[in-house]
Amino acid sequence: MQYRRAYVDGGTYFFTINLYNRKQTLLTDHVDLLRESFRYVKSRHPFTIDAIVVLPDHLHLIMTLPADDDFSTRIGLIKQHFTRHLNQLNPNSSKPVVWQKRFWEHLIRDPQDFENHVNYIHYNPVRHGYCQRAADWQYSSIHRFIKQGVISHDWAWQDDTKIVFGE
């Protein structure tokens, strides 16, 4: 089955990328390898990471592309690089499927949509119960946003019932 994807030159996209086995913790267990996978692909196929959060079994990402390329290639290469090097760490083990075949993508339409998805990304560890405050999750671009003064360090507590954003 051929999936239809909305490719827009120079577009900004929100992604959800999941491990095949959602009970695994490979992404946080091997976060340095995941970072290296992003760096490797980015050096060959440029893109900007606008916001990201890495959870044990999935990640959310906002990526802006150059004017002449697509995101499927980049996502596929990141997955391949991570999987290949993960398998090299355990050469005697079987080679299980690491990622779900597909990923979820959403074209960011306007500044409000962008802000909503950035907030969704940063709040996701609280939503999943990994921390009570978004800034307490170490694998998140929220720290860059705090450092730049975009949001405060105490943004989005678990009991903050006024938060509305994301999908």
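Welcome to this structure: helices H2 and H3 cross in a right-handed way. Please keep in mind that the model is predicted. This briefing looks at that helix pair and then at the largest pocket, to which H2 also contributes residues.

**How H2 and H3 pack**

- Helix H2 covers residues 31-44 and helix H3 covers residues 71-89, and the two pack at an angle of about 135 degrees.
- Their axes lie 9 Å apart.
- H2 and H3 are therefore oblique to each other.
- On the H2 side, the contact is made by Leu33, Leu34, Glu36, Ser37, Phe38, Tyr40 and Val41.
- H3 brings Arg74, Leu77, Ile78, His81, Phe82, His85, Leu86 and Leu89 to this contact.
- Sorted by class, the residues where H2 meets H3 are ten nonpolar, three polar and two charged.

**The largest pocket**

- The volume of the largest pocket is about 350 Å³.
- Its lining is made up of 15 residues, and those nearest the centre are Arg35, Phe38, Ile49, Ile52 and Val54.
- At least two lining residues come from each of H2, strand S2 (48-54) and helix H5 (142-147).
- H2 gives the largest share of the lining, with six residues.
- By class, seven lining residues are nonpolar, four are polar and four are charged.

**Where the two topics meet**

- Phe38 of H2 takes part in the contact with H3, and Phe38 is also among the residues nearest the centre of the largest pocket.

Definitions and conventions:
Residues are numbered from 1 along each chain as its sequence is written. This is a predicted model: local features need pLDDT of at least 70, side-chain atom pairs count only at pLDDT 80 or more; totals for chains, interfaces and linings use all residues. Side-chain values use heavy atoms; hydrogens and water are left out. Axes are lines fitted to C-alpha atoms, for helices over the stretch in contact, and angles run from 0 to 180 degrees between N-to-C directions. Helices (H or I, at least four residues) and strands (E, at least two) are DSSP runs, numbered from the N terminus. Angles under 35 degrees count as roughly parallel, over 145 as roughly antiparallel, 65 to 115 as roughly perpendicular and the rest as oblique. A crossing is left-handed if the near helix is turned anticlockwise from the far one by less than a right angle, and right-handed if clockwise. Contact means heavy atoms within 4.5 Å. Ala, Val, Leu, Ile, Met, Phe, Trp, Tyr, Cys and Pro count as nonpolar, Asp, Glu, Lys and Arg as charged, and the others, Gly among them, as polar. On a 1 Å grid over the protein atoms alone, a cavity is a set of points where a 1.4 Å probe fits but cannot get out, and a pocket is an open set with protein on both sides within 12 Å along at least five of seven lines; lining residues have an atom within 4 Å of a point. Grid points are joined across faces, edges and corners, and a volume is the space filled by probe spheres set on the points.
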